[in-house]
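Me: I would like to go through this model in short questions and answers. Please end each reply on what was asked.

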Amino acid sequence: MKTNIVSIVKGTDANHIVEETFNLLKPEIRSGDLCLVKPNLCTLRLPETGATTHPELVEGVVNMLRDRFAELVIVESDSAASSAEMKFMYCGYYDIAKRADVRLLNLTRSECLNLKFEHTGLTMGLPRILLDCDYFVSVPALKTHSLTVFTANIKNLYGLLPHPRKTMYHGKVHEIVAELNAFVQPKLCLVDGIVGMEGNGPNKGDPAHFGAVIGGTDTLYVDTICCNAIGL
């Protein structure tokens, strides 16, 4: 029977944290053509605010996976207020893309397939690349959330929806997020709690210096541990 292991690595050095997380988890990674990495870049706010994933943490993940895949791609979609390109630029992701030789992809501009979301009755477009990738990594920020109470791995996939006006789906956000996780199924996750957010998240809360990254291979299990760690 598969054993779920969750790692908690304290510190502020992103590279050390990533290396230690991989050493503890020892994730089973089959080499392949394409690996996608999804940070949380929901807004034009720097990682020091706790609103977005620190680029150095994502860079550390990319460097650990570099030899396993022909291509690594960091993905994000547009929001109503800003494009994915603007968020990549503002949050420092163009710098790491150049250093790490990875591609940045705006999912809003990607080819989509229409999929039926059974529990909502909605038919929604989902970028084809999400279904074609060999390995998917979620690297969210650890935050409280005004709509869903909490956000880390599972809620992070809401940013895969290509439509910029995602608020139009807020009435069925829980069902949509659950089905997104069934479609995509992340294989590895590292939750950036070096600086998280508390209060009116995901954008307007206060920085919370949690000082650790929580990792695992089961997103639901990791999110449960995250909730416990912050007292939810």
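Me: What is the relative accessible area of Met 86?
Reply: Met 86 counts as partly exposed, a class lying between buried (under 20% relative accessible area) and exposed (over 50%), with a 1.4 Å probe and protein chains only. The model is predicted, so local features need pLDDT of at least 70 and side-chain atom pairs pLDDT 80 or more, while totals for chains, interfaces and linings use all residues. Residues are numbered from 1 along each chain as its sequence is written, and side-chain values use heavy atoms, without hydrogens and water. For Met 86 the relative accessible area is 41%.

Me: How far apart in space are Met 86 and Thr 43?
Reply: Met 86 sits in helix α3, residues 84-90; helices (H or I, at least four residues) and strands (E, at least two) are DSSP runs numbered from the N terminus. In sequence, 43 residues separate Met 86 from Thr 43. From C-alpha to C-alpha, their distance is 9.2 Å.

Me: Within what arc do the buried residues of α4 fall?
Reply: Helix α4, residues 93-100, buries Tyr 93, Ile 96, Ala 97 and Ala 100. Seen down the axis of α4, these residues line one face of the helix, because their arc, taken from the directions from the axis to the C-beta atoms, is 105°.

Me: Which residues are exposed on the other side of α4?
Reply: The buried residues of α4 are covered by elements including β2 (32-39), α2 (55-65), β3 (69-76), α3 and β4 (103-106), contact being heavy atoms within 4.5 Å. On the other side of α4, the exposed residues are Lys 98 and Arg 99.

Me: Which residue with a positive phi follows α4?
Reply: The phi in question is near 55°. The residue that follows α4 is Asp 101.
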